[in-house]
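Trainee: I have a new model to read. Please walk me through it, one feature at a time.

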Amino acid sequence: MFHIYRTTVFRTKRTVDFGLIRRILPPAAGRTPHSTLPSARPVRHCSANVRRTFDTMLSGRRDEARRSILVQVSSERSYDELHRYCSQFGEITTSHHYRVDGDSDGDLHYILLEFANAAEADAAVRSGVFSTERPGVRARSLFLWFRTGPKPRLVAGPESSPTKPVLALVDGTRSIDEQELNGLLAAALSVDDQVSILHRVTKLNELGKRLRFLAVRQLESSIQGMFPQALAHPFGSSVNGYGRMGCDLDVILDLDSRSGEPPDRNSRLVFHTKATNPNERTQVQRQLESIGDVLQLFLPGVHSVRRILKARVPIVKYHHEHLDLEIDLTMNNTAGVYMSELLYLFGELDDRVRPLTFAVRRWAQAVGLTNHTPGYWITNFSLTMLVMFFLQQLHVPVLPSINRLVQLSAQTAQPEPVPVARFGHDEETEWAHTFLKSATIYDAFRSHNTSTLEQLLQQFFEFYSQFDFNQRAISLNLGATILKPDHSPLYIVNPLETVLNVSKNVNLEETELFRMQVRNAVWLLESHGKDTATEGTAEPWGLVSLFGSKQQDRITPQMFFTKRMLNVKDIFDAVPADEQKDLAARQLQNPVVKSQIAAIQRATKLEIGKLQNAAAAVRNHGPAGSSLPRGATIEGTGVKLKRNTKRHR
């Protein structure tokens with residue numbers, strides 16, 4: 001299925017050369033290498049287009065992966081020969097090129113081919129052979145390489161077809177670097193344009209989405225021989241529309257996707273099954289450990305398998321070298337799929353949601369609020385929740401509350417239920433089935449808010465610079481704040497399980513740092529606007545001032561820690577002679593503390609003197625005329641003495 005996107009242009013006075021976009025467009029003859037800037041009056045809704053639901057989007061991506069194969073080539077120049085060879089198996093509809101950083105031999109080049117139907121892709125895979133030059137486990141997969149040799153005899157017709165598709169992307173997985181991004185942002189006309197450009201050039205592109213669903217297909221096909229009903233459910237930023245170039249792939253593996261369906265009562269034959277461990281967590285850990293072994297030993301391209309089974313959610317992490325992708329695999333984590341569907345729905349309700357979220361996430365990364373490794377700092381998921389809640393709090397809301405979506409879903413009639421693959425019902429996820437699976441919910445709400453992205457970004461920072469994090473918690477279900485259920489510094493109610501806090505890991509220092517940074521961002525946007533930038537100079541403005549390197553020097557977490565007046569270790573340890581002068585020059589600000597430390601030093605020296613005298617007495621076998629009994633203790637020291645006397649029989 002092809003989708004044609006039309007961009008409405010309201011300004012034609014100035015154009016910007018998007019370096020990254022220019023390189024990934026097809027090299028058609030006569031094409032200008034310039035792209036027009038996004039509209040200053042963004043189109044709020046695409047009512048003329050048919051919106052794809054989350055399930056429809058997933059189904060379409062799975063079909064694309066089912067019709068695709070991935071071929072390693074020497075370079076993008078091998079495409080013509082590869083196309084002529086693979087055309088004998090069927091019609092090739094699209095093709096994409098990308099490269100992966102290699103070793104000293106150079107980069108690795110890959111071309112993704114999509115056929116018109118799955119049977120043609122299967123025919124191409126069946127034609128593959130195993131190499132005798134590269135020993136290894138002979139596992140058939142959709143990952144192949146195109147070797148040199150005599151050209152085979154091809155079927156006449158397709159090779160002379162004038163409709164051969166060009167490479168849709170060349171080097172399509174390269175992320176834009178910081179310098180190039182800042183150049184594009186500095187050349188924009190307004191902050192509104194900057195936010196749109198940032199979203200356009202950093203979001204996960206078409207090739208990135210296709211490669212992630214190829215990884216999902218490989219995972220499913222590798223275990224469906226033993227588990228025919230197994231399904232891999234991608235979730236997270238790769239599918240919810242908020243993923244950026246290079247983001248990881250999160251997958252939930254369901255070994256029995258049809259376990260909730262009633263069996264056929266007419267059949268009298270029943271499969272024998274293996275008894276499971278009564279402890280569900282232990283069972284999941286053992287299953288993931290075995291699946292990790294299968295991935296590491298048999299699947300082509302899978303490397304660096306790490307099993308993190310003792311975590312709160314057991315997980316298997318691995319790297320796919322052909323896709324240049326980090327993948328996190330877990331089981332029985334249904335909440336992740338529903339949260340991805342909810343965020344996807346929010347992004348489809350208004351076209352400004354995703355660009356605004358990208359700008360906030362990029363700002364948080366630039367100022368050090370977020371980190372790639374787990375810890376006590378704010379995560380991208382928590383930031384996204386903060387953006388969604390802010391859009392619910394506006395005088396004219398951009399997004400409705402979740403409870404409002406449930407009401408709208410009940411008011412709109414579903415034409416006919418569409419069967420979709422879903423997890424079993426339970427009380428905690430009942431609300432998700434109530435409205436997320438309804439196709440009519442995507443058109444049930446339309447915002448009348450006409451604010452630009454620049455205005456929304458400014459209002460976001462102003463809103464949280466005045467927010468009462470000490471007393472109030474955030475609830476997207478109600479679209480309002482509530483009193484904190486506990487003393488967590490930052491409390492965001494989990495929309496799926498309302499008794500949980502999705503930001504429980506954030507400590508007080510990071511919450512205060514967030515409050516300080518949003519206040520600083522308000523000042524930067526007000527003082528570094530487009531009108532303040534001098535013509536012909538490189539003075540940063542707008543988003544460039546927010547993302548600049550100077551931000552790291554303005555506010556740091558060390559501002560929230562008071563330096564210790566005196567290190568306790570300095571009281572007791574011997575100080576080198578060259579440091580005596582510095583130690584003597586150290587002045588304490590509080591005279592009471594100074595006198596207390598002096599008293600501690602005098603008492604400590606006195607006790608040390610007693611111990612030294614007692615040790616000397618032991619070495620001299622005690623005072624003259626005195627004898628110490630076996631097991632005697634020196635007074636004031638607590639040290640027991642042992643006499644060196646032989647035991648007589």
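This is a predicted model: local features need pLDDT of at least 70, side-chain atom pairs count only at pLDDT 80 or more; totals for chains, interfaces and linings use all residues.

Trainee: How many helices and strands are in the protein chain?

Mentor: The protein chain has 21 helices and 13 strands.

Trainee: What share of the 649 residues counts as buried?

Mentor: Buried means under 20% relative accessible area. Of the 649 residues in the chain, 42% count as buried.

Trainee: What about contacts across the sequence?

Mentor: Take contacts between residues at least 6 apart in sequence. In this chain, 69% of them join residues at least 24 apart.

Trainee: Now helix packing. How is a packed pair described?

Mentor: Two packed helices are described by the angle between their axes and the distance between the axes.

Trainee: Which residues of helix 11 and helix 12 meet?

Mentor: From helix 11 come Val-353, Leu-356, Thr-357, Val-360, Arg-361 and Ala-364. From helix 12 come Asn-380, Leu-383, Thr-384, Val-387, Met-388, Phe-390 and Leu-391. By class, this contact of helix 11 with helix 12 has 9 nonpolar, 3 polar and 1 charged residues.

Trainee: And helix 12 with helix 15?

Mentor: Helix 15 spans residues 453-465. Helix 12 and helix 15 pack at about 100°, and their axes are 10 Å apart. The two are therefore roughly perpendicular to each other. Helix 12 brings Leu-386, Val-387, Phe-389, Phe-390, Leu-391 and Gln-393 to the contact. Helix 15 brings Leu-456, Gln-459, Phe-460, Phe-463 and Tyr-464. The contact of helix 12 with helix 15 divides into 9 nonpolar, 2 polar and no charged residues.

Trainee: At what angle do the axes of helix 10 and helix 12 cross?

Mentor: Helix 10 covers residues 334-349. The axes of helix 10 and helix 12 come within 12 Å and cross at roughly 40°. Angles under 35 degrees count as roughly parallel. Helix 10 and helix 12 are therefore oblique to each other. The crossing of helix 10 and helix 12 is left-handed.

Trainee: Which residues of helix 10 and helix 12 meet?

Mentor: Met-339, Leu-343 and Phe-346 of helix 10 meet Phe-381, Thr-384, Met-385, Met-388 and Gln-392 of helix 12. By class, the contact of helix 10 with helix 12 has 6 nonpolar, 2 polar and no charged residues.

Trainee: Is Asp-171 buried or exposed? And how does Asp-324 count?

Mentor: Asp-171 has 18% relative accessibility, so it counts as buried. Asp-324 has 44%, so it counts as partly exposed.

Trainee: How do I read a residue within a strand?

Mentor: Take Arg-306, in strand 9, residues 302-308. Arg-306 is partly exposed, with a relative accessible area of 31%. Arg-306 and Tyr-318 are 12 residues apart in sequence and 6.2 Å apart in space, C-alpha to C-alpha. Leaving out residues up to four places away in sequence, Arg-306 touches Ile-315, Val-316, Lys-317, Tyr-318, His-319 and Glu-326.

Trainee: Last, the cysteines. How many disulfides are there?

Mentor: A disulfide needs a pair of cysteine sulfur atoms within 2.5 Å. By this rule the count is 0. Cys-86 is buried, at 5% relative accessible area. Cys-247 also counts as buried, at 9%.

Conventions:
Residues are numbered from 1 along each chain as its sequence is written. Side-chain values use heavy atoms; hydrogens and water are left out. Contact means heavy atoms within 4.5 Å. Helices (H or I, at least four residues) and strands (E, at least two) are DSSP runs, numbered from the N terminus. Ala, Val, Leu, Ile, Met, Phe, Trp, Tyr, Cys and Pro count as nonpolar, Asp, Glu, Lys and Arg as charged, and the others, Gly among them, as polar. Buried means under 20% relative accessible area, exposed over 50%, partly exposed in between (1.4 Å probe, protein chains only). Axes are lines fitted to C-alpha atoms, for helices over the stretch in contact, and angles run from 0 to 180 degrees between N-to-C directions. Angles under 35 degrees count as roughly parallel, over 145 as roughly antiparallel, 65 to 115 as roughly perpendicular and the rest as oblique. A crossing is left-handed if the near helix is turned anticlockwise from the far one by less than a right angle, and right-handed if clockwise.
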